[in-house]
Amino acid sequence: MVLPDRIEVGPVAEDQIIDVPLYGNRNLIELVSGLAIDPLLNAVNPVTIGRYKTYKQVRDDARLPVVLATKDVCVRTDGSEKNPVLGGCLLAGGGTLVKKGQDKNLPRRTDALKVAGYLTGHSYDPKVPQDLTGPSDPKGTATVAGDGALKLAMAMRGGNATATASDLFGLPGIALAAADKGRNSNANAQLGMATALNADTDEIAITWFGQKLDLTKLKNNTIVKNLSDDQRAQIDQLGEMADLQIPALKEVSCYGLNTSATAEGLGTCSNFLGTFDYYRDLRAPKAGESRQTQYGLTDVTSLVFGNDALLKQFGMLGGSQSTAFLDSLLPALTSEDQRLKFAKDFVRYTKNVETLHVMEPVLDDEGKSVLGDDGKPKMKIKMVEVVDSEGNTVLEPATETVTAAWLTSDYGLREPLTIEWLGHKIVLFPSVEVNGSKRPNLIGMPEITRIVDGSNRGLLPKVSLVQWDAPFGLGTLDLAKPYDLPATMAEWRKTFTLDDDVKEIGKVLEPVVKDSAKKAIDGVADAIKSAPEKVKDGLSGTGGASTAPEPAAPIQPESPVEDAPVVPQDSDSTQGSGGASGSDGASGSGGGSSSDSTQGSGGASGSDGASGSGGASGSGGASGSDGASGSGGGSGSDSTPGSGDVQGSGADAAE
């Protein structure tokens with residue numbers, strides 16, 4: 001959305017109807033006309049009420065040009081003119097008498113400017129045409145993209161804001177961007193949250209003809225005080241709108257799987273895998289303030305482990321009594337100096353650059369230092385000459401920068417270690433402020449000060465209370481009683497949340513796991529049920545019904561023997577006219593059949609061998625086990641028919 005730099009209530013006043021006693025229903029502009037133009041004893045002027053009915057009429061009359069009258073004339077409220085009668089306008093039908101040489105538009109311009117100034121207290125010069133400020137046009141661009149759960153882009157006064165967010169694994173992506181005064185803001189979040197807010201929305205004003213609305217005079221009017229409760233409520237609502245304080249939007253923060261944000265003139269950040277964090281302050285240096293650049297390793301497990309885990313603050317995983325994130329949400333979104341903190345830091349390195357005024361001693365007329373009440377020289381800010389953008393030489397305060405390096409963690413020591421001994425106090429790991437929290441600087445130099453009150457000057461050192469915070473829900477070790485180890489360990493165990501956290505996480509994941517397992521089992525069952533059909537479809541080739549193959553055509557001998565007698569066949573034998581056929585055997589011309597044997601006409605039969613009349617071993621005969629030869633050819637199982645004399649050995653031999 002693109003916002004205007006102010007909200008003008010003038011056009012809205014046309015639709016705000018008020019039941020005015022004795023005058024009926026009037027809109028707010030009509031009522032103000034009767035109260036602002038020649039009021040009668042702080043009450044409505046019955047003549048001028050309703051003089052103006054629309055916002056446009058007031059603006060049109062206020063900008064009327066100066067037109068000098070060439071003669072005396074009566075000017076009416078609608079701009080028409082009549083000649084005076086007996087030197088006046090009463091008998092001429094009303095109007096305002098304008099003498100020759102005077103501005104004919106002055107009466108109308110004066111009335112319009114009275115209406116314009118009544119609800120603001122602003123004074124206008126009616127002698128000069130006034131171009132009253134109208135409604136403000138929104139300027140800027142606001143763009144949202146992605147399928148994220150929440151995307152908000154807001155711009156005003158020429159700003160350009162872009163918010164891009166994407167959900168991942170069903171978890172939300174949130175991107176918020178706001179830009180103002182021609183600056184750019186971009187926020188990108190893929191599973192996580194990114195904010196780039198830099199808009200001075202606190203400068204949006206509620207105005208009446210361009211001036212800040214002030215209803216004090218209206219509320220104190222007699223006739224308004226006598227309105228009914230319902231009618232006064234309408235005016236009170238308008239007053240509440242005028243008193244509304246809209247906060248500025250000032251925040252740059254990133255956290256999630258893949259998040260980044262940049263708000264021009266404020267800051268830039270990025271966070272990857274909820275672990276690798278970066279932030280840089282982009283504000284211009286200012287004396288007395290610091291600008292930081294940070295590199296951190298954040299603890300993603302702190303979202304679920306610990307008493308103040310982020311998800312617990314949202315009522316998940318059993319809830320939490322601590323709401324540090326929620327408590328800091330609004331202040332962080334509206335302040336330049338605070339940042340949203342989603343997770344705790346394993347470690348964070350901060351480069352802190354502080355800008356300071358350069359001080360110099362105050363000198364008297366003789367050039368000597370002036371001493372203060374404490375006996376020390378008085379100091380003042382040193383001024384130097386600079387050339388401004390227009391080329392003029394001006395004096396400005398001189399500044400210098402001081403750079404420091406800090407290393408902090410949300411775990412380990414909670415407070416700096418303090419030792420008081422022999423009249424001195426030694427502070428180890430002095431605290432520094434990072435992102436709104438004070439933590440010990442692990443690389444800070446010790447601070448040594450003298451104890452001036454005379455206490456703790458004994459020989460035995462006094463050591464401050466030591467508290468050690470542990471990650472992963474392992475609680476806080478408090479060494480308030482270092483010599484009572486059982487009590488110390490018992491108190492430490494009370495701060496453990498790891499076991500309870502794991503149970504709560506299990507409760508959350510149990511329905512998800514059960515649902516996933518059920519879907520997997522259902523998928524396997526469906527696959528088993530459909531397996532027979534898939535096998536059947538695979539065997540049939542095309543997925544249809546299988547068809548038995550047609551029987552092969554009988555093999556015909558190439559040269560059949562005439563007048564061959566018909567001989568019955570047994571198992572494992574074959575018969576052929578003028579030849580032999582059979583499994584593991586053969587028969588000659590005119591021969592019979594027997595298991596694994598051959599028979600010839602007029603010959604004898606023998607197991608796995610044969611000889612007969614009219615045949616001979618060798619060419620035209622048969623001899624040998626599982627071998628056969630025959631004149632004229634033959635056929636057999638797993639054999640090839642042929643004519644002439646063929647000799648083979650064993651089954652599956654060719655004839």
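Predicted model: local features only at pLDDT ≥ 70, side-chain atom pairs only at ≥ 80, totals over all residues.
## Buried cysteines and nonpolar cores

Cys254 has a relative accessibility of 5%, so this residue counts as buried, the cut-off being under 20%.

What is Cys254 joined to? Its disulfide partner is Cys269, with an S to S distance of 2.0 Å. Cys269 has 3% relative accessibility and therefore counts as buried too. Strand E15 (residues 249–263) holds Cys254 and strand E16 (residues 267–272) holds Cys269, so their bond ties together parts that lie 15 residues apart in sequence.

The model has 2 disulfides in total. The other one links Cys74 with Cys89, again listed with its S to S distance of 2.0 Å. Here Cys74 sits in strand E5 (residues 73–75), while Cys89 belongs to the loop between strand E6 (81–82) and strand E7 (96–98), so this pair ties together parts that are 15 residues apart in sequence. Both of these cysteines, Cys74 and Cys89, are buried.

Which hand does each link have? For Cys74 and Cys89, the torsion about the S-S bond is about -95°, so that disulfide is left-handed. The link of Cys254 and Cys269 has 70° about the S-S bond and is right-handed. Here are the two side by side:

| Disulfide | S to S distance | S-S torsion | Hand |
|---|---|---|---|
| Cys74 to Cys89 | 2.0 Å | about -95° | left-handed |
| Cys254 to Cys269 | 2.0 Å | 70° | right-handed |

With the bonded cysteines of the protein chain numbered in sequence order, the pairing reads 1-2, 3-4.

Now to the nonpolar cores. In soluble globular proteins, nonpolar side chains tend to be buried together. How many residues does the largest nonpolar core have in this model? It has 37, and Leu35, Val58, Leu119, Leu132, Trp208, Leu213 and Leu218 are those with the most contacts inside it. At least two residues of this core come from each of strands E3 (17–20) and E13 (205–208) and from each of helices H2 (28–36), H3 (55–62), H4 (106–118), H6 (222–225) and H7 (229–243). Helix H2 gives the largest share, 6 residues.

Leaving aside residues up to four places away in sequence, Trp208 touches Glu8, Val9, Gly10, Ala13, Ile29, Val115, Ala116, Leu119, Thr120 and Leu213.

How values were computed. Residues numbered from 1 in each chain as written. Heavy atoms only, no water. Core = buried A, V, L, I, M, F, W, Y, C linked by side-chain atoms within 4.5 Å. Buried < 20%, exposed > 50% of the residue type's maximum accessible area, 1.4 Å probe, protein only. Helix = DSSP H or I, 4+ residues; strand = E, 2+ residues; numbered from the N terminus. Contact = heavy atoms within 4.5 Å. Disulfide = S-S within 2.5 Å.
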